Amino acid sequence: MAATTPADAKIVAQQFPTTPRANRARHILGYWRHPVAQALVKAFLTIFVTTTITFFLIRLMPGNPIDIKIDELTKDGLMTYQEARAQAASLFSIDLDRPVFEQYLSFVGNLAHGNIGYSFISQGTPVMSIVLAVLPWTLFSVGTGLLFSFSIGVFLGLFAAYNRNTKIDHILSLGGSIISAVPNYFIALLIVIVLGVELRWIPITQMRGATSPGMQPGFTPAFIGDVLFHAALPISVFFLATLGHWILGMKSATINALEEDYVNAARARGLSDGRIMTAYVGRNAVLPLVTQLAITAGLAIGGSILIEQYFVYQGVGLRLQAAVTQRDYPVMQGILLMVTLSVVIANLAADLLYSKLDPRIGRAGGATGA
Amino acid sequence: MTPILSVRDLSIDYRTRRGPVHAVRDVSFDIAKGETVAIIGESGSGKTTLAVSFIRLSPRSAKITKGQILYTNDKETVDIRTLPDDELRQYRWSECAMVFQAALNSFNPVINIWEQFADTARAHGLKDSKKIHARAQELLDLVHLDPARVLTAYPHELSGGMKQRVLIALSLMLEPQLIILDEPTTALDILTQRSIIDLLGTLRKKLGFSMIFISHDLSIAAELADRMITMYAGTVVERASVTDLFYRPRHPYSVGLLRAVPRVSGAMGAVASIPGSPPDLIRLPPGCTYVPRCPVAIPACSEREPDLLPVDMPDHDARCIRWKTVAEQVGNAEVAVAEKIATA
Amino acid sequence: MTAAALPRAGDRTLPRPVESAIEFLRLLSKRPSGLIGFIGIVFFLSLAFIAPLFVPNQESGDITQLYETPSLQHLLGTDNAGRDVLNQIVQGGKEIISVALITAFLTTLVATVLGSISALVGGRFDAALVAIADILLTVPPLIVLIVISALARPTNFLALALVLSLLGWAGLMRQVRAQVLTLKERDYVEAARSLDLGLIHIVFREILPNMRSYIVIHFVLAMTGAIYAQVALIILGLVPFSGKNWALMLYFAQTQGAFYFNDAFWFVFSPILAIILLQLSLVLFVNALEDIFNPRLRSS
């Protein structure tokens, strides 16, 4: 019974009640069952697999970037093949003379030291520093947007479920469906061309960039205010793009929770509707949504490639787009790795949060004694 | 003495697409202080619908079309039907506590047992955590559970039997006058059933509350009840004391139920289930609803549904115009009817 | 009982597929948003596949009419080379929808097969597949797609569909697997009595019909995902398509700076609107489907 995520574990836990055999198995797999261990191993595996696949993609695909680079360098006749090969190899931090497996090991070794190659375009600049300069901006805007959309969306979804089939429910549900249907990059594009260019309601030229030119970084109110000003549009886009999903998801989860026996039992005990709504219905309904937080973040980061382009916001998406245009493969690879790492960490955090919220998963669980 | 709960001509309908389902029809009975009444019937007889209406927790599609539910404690009598919402909330659990079927899912899975005790107490105005805690410990002791272990536990960590005990303990928290238990032992194994029944018996003697319990299981009635009501197709078909019903049933359905219980000591081959199935509660026949399955039915039975008629024993009614025939077949002996049929 | 009194199998007023179609439309009409979505889908399918048969493919435009605002002659205006925008909209849906259909089909197929096999076989194979699915779900899909496309450069839409479906099967696969697992436990006792072949047979006959609703819903959702991804890839210029395509219109618009040019508004806005309306139709339709297939969510 491989239950690898909380969602899966819930399905498994519901289907397979405790039997003596399962209890024994549980005891043996005692440590493996602990959610923290599972989550860590899963995270590690994800990163491991991603790096491996990236390595082989780069090395082995037809028309792979290393060969392209070599061709490019030797094209003008300014370099010999050997020199070009050496340079390409150093840019990717790969030794081309050694067997593939050893190359792989040194690649992984380099990774462990934080060395993910050097940019093709800006010669000699370590990819890691390039990525670290832009990643926080994206994480900030995505994170803030998601934070708002989750809290507001969950509340609205709960409200819609409690007022089912009324006008407000129809508006919320339809609204949620509509905004979830619009691709997130289009929300950004529409803001630019409709609100910015056509109607001139938003000063998009002023809001370009992550910060205003000449602004000194620091914990000053001026700087923070400036950052927020520039991040307002990306944050709004991420907010709108994910809001619908939370509204609809929470509405459906709440409807299911309201049908549970313990809700009726709580009413029979004279508990107030307010208490039931928050601690009995709400807390149970929100659980499946927590498992989706990281996935939603991943999708949002994906859209940032275009979103940041439209707002000229110097985050990881804009940098990736530049790298793609310039065929700067080390940077592309580096961004893929670091973004995956970020999402994996976010996933881990979400899994841990879930195991804290749902006591059935957080502990070793199971009925004991009569 | 006024009965603590007096149900008068209660009728409840469910709204469905095909039409109203008459789930409860003209039910009347009383329960006195300290008395235990068992409501027995098969699935779909309306017993749960009836019970749930006593705390006004019926689903939205259910509607009380007529009747009264009069609840009395020492001070006053109220009609539950017209009780204002905030008084209703107070009434629930402090006056009348209902423990549902399948205690397995009666607890909020994400908060621990102590929180659920505290929630209940706080909902009724008790704020002092220390006092609540002391009371919880006292109650859990009463039901033979270890408070230290149970209070910090989460519902999924307890077995079915334990949860049922916790629910019983919880139900006693505000010292209600009336406790309603819906199928208290159905989902449990036989040994646990035994312990729960014993527990209920002891608690009742000790604390003196009235009990209504609903079951399809006659044996629990035999053990704990003072009076019994059998329900069929939404209405009461017989009302009697437990001994009367077991030894001197007067309605063919009650007889059928008794016959259907296998006996540990009885002869083989004497058990018989009642052939046929209950009627459609949307389109009810004009006469007695039991006619299709009744061994003593005559044409007059199908003409109109009989009222509850008093029979030859005191405080004993049966909704059957042929009760005398049933009495002849069953007799008045001290031997339990089931035993008699088995040896016949 | 005479033979005439018994209904015979051949005795129907309408052929069965027509009957269930009518029943389906009846259920759908009770959910106005779903009906609108359905009509939208039909509209776009006709627009994409049927309309081009009637509307001639314009070769080049009138260069005296660059970036015209909408008029009776050009209902949506013209683009940077004087070509009629409406014409491009009519022509531009076919590729997008075709890729979406193929991708959704492949994704659903792979997910169903892998999910069922994984649940049936169990053991390490199952654990490995679930791990792979988990990893695929974790990695931000668009970024991976971009990296892959940058390296592999799909040149026709079949290749693009293949690349897209490489990543999309994980979600449905997990659901199919969960479903098969429950059925496996349920039928286990009975299946143990029959031959091993019987188990697979039973399961495939029992599961797939039960999962019909899941699969249809997921198919439509996969389409929306495919549209999202391919539009992004095309706008980024990673997929060198020739021909007409809504997303390609946006790619050209971007490279020509048309975003910031007021006159070009309709040229930019029309394909965006078309794509959004298509996605919206799919989403509204799928919501209604979920409502129809899930009796608990039905508002009674």
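Reader: How many salt bridges are there between chain B and chain A?
Author: The count there is two salt bridges. A salt bridge here is a side-chain nitrogen of Lys or Arg within 4 Å of a carboxyl oxygen of Asp or Glu.

Reader: What should I know about the model and the labels?
Author: This is a predicted model, where local features need pLDDT of at least 70, side-chain atom pairs count only at pLDDT 80 or more, and totals for chains, interfaces and linings use all residues. Residues are numbered from 1 along each chain as its sequence is written, chains are lettered from A and ligands numbered from 1 in the order in which they are written, and side-chain values use heavy atoms, leaving out hydrogens and water.

Reader: Back to chains B and A. How many residues does the contact take from each?
Author: Chain B gives 30 residues and chain A gives 28. Contact means heavy atoms within 4.5 Å.

Reader: And how much area is buried between chain B and chain A?
Author: About 2,500 Å², with carbon and sulfur atoms giving 53%. Buried area is the accessible area (1.4 Å probe) that two parts lose on being put together, summed over both. On the chain B side, Asn105(B), Val110(B) and His156(B) supply 23% of what chain B buries against chain A, more than any other three residues.

Reader: How many residue pairs are in polar contact across chain B and chain A?
Author: Eleven, with both residues at pLDDT 80 or more. A polar contact is a pair of N or O atoms within 3.5 Å; within protein, one must be able to donate a hydrogen and the other to accept it, and residues adjacent in sequence count only if both atoms are side-chain atoms.

Reader: Which helix of chain B gives the most to the side that touches chain A?
Author: Helix 3 of chain B, with five residues. Helices are DSSP runs (H or I, at least four residues), numbered from the N terminus.

Reader: Now chain C. How much area is buried between chain A and chain C?
Author: About 5,000 Å², and carbon and sulfur atoms give 72% of that. In chain A, Tyr185(A), Phe186(A) and Ile193(A) lose the most area to chain C, together 10% of what that side buries.

Reader: Which residues form the nonpolar patch on the surface?
Author: Leu45(C), Phe49(C), Ile50(C), Leu53(C), Phe54(C) and Leu101(C), with about 600 Å² of accessible area together. Patch residues have over 30% relative accessible area and no salt bridge, and nonpolar side chains (Val, Leu, Ile, Met, Phe, Trp, Tyr) are joined within 5 Å. Areas come from the Shrake-Rupley method with a 1.4 Å probe, and only the protein chains shown count as cover for residues. Helix 2 of chain C (residues 32-54) supplies the largest share, five residues.

Reader: Last one. How many salt bridges are there over all chains?
Author: The whole structure has 22. Among them is Asp169(A) with Lys251(A), at 3.1 Å, N to O. That pair links helix 9 and helix 11 of chain A, 82 residues apart.

Conventions: Patch = residues over 30% accessible without salt bridge, like charges linked within 9 Å, V, L, I, M, F, W, Y side chains within 5 Å. Helix = DSSP H or I, 4+ residues; strand = E, 2+ residues; numbered from the N terminus.
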